[in-house]
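Colleague: I have not worked with this model before. Could you show me how to read its features, one at a time?

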Amino acid sequence: MVKALEGVRILDFTHVQSGPTCTQLLGYFGADVIKIERPGVGDITRGQLRDVANADSLYFTMLNGNKRSLTLDSKNKKGLEILEALIKICDVMVENFAPGVMDRMGLTWERIQELNPRIILASIKGFGPGPFEDYKVYENIAQCAGGSASTTGFDDGPPVVTGAQIGDSGTGLHLALGIVTALFQREKTGRGQKVLAAMQDGVLNLCRVKLRDQQRLAHGPLKEYPQYPNGKFGDAVPRAGNASGGGQPGWILKCKGWETDPNAYVYFITQAQVWKGVCEVIGKPEWVTDPNYATPDARLPRLMEIFATIEKWTMTKTKWEVMDAANKYDIPCGPILSMKEIAEDQALRETGTIVEVDHPVRGRYLTVGNPIKLSDSVTEVMRAPLLGEHNDDILRNVLKFDERAIREAIESGALGGATSAAAE
């Protein structure tokens, strides 16, 4: 079976999380991803949060599968020549350096286009054009600047960042879409172009329902928020706790065993169309006709009381029992799954969402497979490369260097010293 992006060559000039997320996804779809790394050191995440001595960290291996590693010193004359030779034959160049770094390397957009007018230059930056475009941004900064933190948490507490990496990985996903879109347009125009994904923009895109609510505030209180009817609404969208934010009242409720299990909870939604089923399953059939509970508008000011009553029922059952009971009435309900439970989930393994990978140094490890499934493009999840593992392969088979040219590249120091399995 032909892979969707087979024949597309990616020059991966990224590091840490946002860029590698993007390029790994493209690699899952069959693109040939050549990761450029600093000789002797590599991507900084090879040594960050290391759990196995002298082996690449999970931080690196889980973000850099399906790639080849080439060590290259771009400040070395021969190294820059090799880099420019790769630019000439690659379809896409992806980078997430701080603003201005590429220009200081001599790789301006004009120079890149001169080398290859068909290449797509895809960049991740913290902020888009504007007063903050030169500022350095990391995951949690992006969550704060993009509106996520101010709208996450409970009203009586501080802003909270989410455990989901919506700034880094979220922006990487946005960039991947921009790249394939630019590749599609190139089929029509024959020209490359620049693709920019700003982390602030990516987070805001994922928080668009909160921008929706900001505009609704001008017309009165947000009735589906837990602040209604007794709390106060200011001039900005408040933190809504576990409210669903989608007009379908929901809350996280305790289940049997919550006293000792921090994840013995379910998310329970009281949709209007299944309200009768909710009343029946929790043993409150009288609420179906009671004017205080019979309609969504009547229920809004009593939501916390309603969820407290539902919780008395959920606390008598495990989260799985709650799921089974709710499903019989089509009540939307989902378990709070720990990372341990997800890692051990057999169904996720069977679909390729969780994958076990063999590594020559650290042994077997789990990684997240391709989250996007295509019916006519198979995904093969391969391990992350050792540092400089593909130096000879890329020089010989991609750049078509002969033995003399390979020897000259090695002797020039462009590739660094001997390749290693991990940064020390």
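Colleague: Which residue in strand 3 stands opposite Ile36?

Modeller: Strands of a sheet pair through backbone hydrogen bonds, either parallel or antiparallel. Here Leu70 in strand 3 stands opposite Ile36. Strand 2, residues 32-37, pairs with strand 3 in the parallel sense over four bridges. Pairing requires that DSSP finds at least two bridges between two strands. Strands (E, at least two residues) and helices (H or I, at least four) are DSSP runs, numbered from the N terminus. This is a predicted model, in which local features need pLDDT of at least 70 and side-chain atom pairs count only at pLDDT 80 or more, while totals for chains, interfaces and linings use all residues. Residues are numbered from 1 along each chain as its sequence is written, and side-chain values use heavy atoms, with hydrogens and water left out.

Colleague: What order do the six strands of the open sheet have?

Modeller: The order is 3-2-1-4-5-6, with parallel pairing. Strand 3 (68-71) and strand 6 (194-198) are the edge strands, each pairing on one side only. On average, neighbouring strands of this sheet are turned by 20° against each other, direction ignored. Axes are lines fitted to C-alpha atoms, for helices over the stretch in contact, and angles run from 0 to 180 degrees between N-to-C directions.

Colleague: Which strands does helix 8 touch?

Modeller: Helix 8 (residues 199-206) packs on the sheet against strand 5 (120-125) and strand 6, and its direction makes about 65° with that of strand 6. Contact here means heavy atoms within 4.5 Å. Helix 16 (residues 391-398) lies across strand 1 (9-13), strand 2 and strand 3. Helix 16 runs at about 95° to strand 3.

Colleague: At what angle do helix 1 and helix 7 pack?

Modeller: Two packed helices are described by the angle between their axes and the distance between the axes. For helix 1 (residues 18-28) and helix 7 (residues 168-189), the angle is about 45° and the axes are 7 Å apart. Helix 1 is therefore oblique to helix 7. Angles under 35 degrees count as roughly parallel, over 145 as roughly antiparallel, 65 to 115 as roughly perpendicular and the rest as oblique. Helix 1 passes helix 7 in a right-handed crossing. A crossing is right-handed if the near helix is turned clockwise from the far one by less than a right angle, and left-handed if anticlockwise.

Colleague: Which residues of helix 1 and helix 7 make the contact?

Modeller: Helix 1 contributes Ser18, Thr21, Cys22, Leu25 and Leu26. Among those of helix 7 are Asp168, Gly172, Ala176 and Val180. By class, this contact of helix 1 with helix 7 has eight nonpolar, four polar and one charged residues. Ala, Val, Leu, Ile, Met, Phe, Trp, Tyr, Cys and Pro count as nonpolar, Asp, Glu, Lys and Arg as charged, and the others, Gly among them, as polar.

Colleague: At what angle do helix 7 and helix 8 cross?

Modeller: The axes of helix 7 and helix 8 come within 9 Å and cross at roughly 95°. That makes helix 7 roughly perpendicular to helix 8. Asp168, Thr171 and His174 in helix 7 meet Met199, Gly202, Asn205 and Leu206 in helix 8. The contact of helix 7 with helix 8 has two nonpolar, four polar and one charged residues.

Colleague: What order does the open sheet of three strands have?

Modeller: Its order is 7-8-9, with antiparallel pairing. The edge strands, each pairing on one side only, are strand 7 (250-254) and strand 9 (333-335). Five bridges join strand 7 to strand 8, and Leu253 stands opposite Val266 in strand 8. Val266 also has a bridge partner in strand 9, Pro335. Strand 8 (residues 265-269) is joined to strand 9 by three bridges. Phe268 has Cys333 in strand 9 as its bridge partner. Helix 13 packs on this sheet, touching strand 8 and strand 9, and its direction makes about 160° with that of strand 9.

Colleague: How many salt bridges does the count come to?

Modeller: Side chains of opposite charge can pair when their charged atoms come close. A salt bridge is a side-chain nitrogen of Lys or Arg within 4 Å of a carboxyl oxygen of Asp or Glu. By this rule there are 27 salt bridges. One of them joins the side chains of Lys319 and Glu341, at 3.0 Å from N to O. Lys319 lies in helix 13 (residues 319-327) and Glu341 in helix 14 (residues 339-343), so the pair ties together parts 22 residues apart in sequence.
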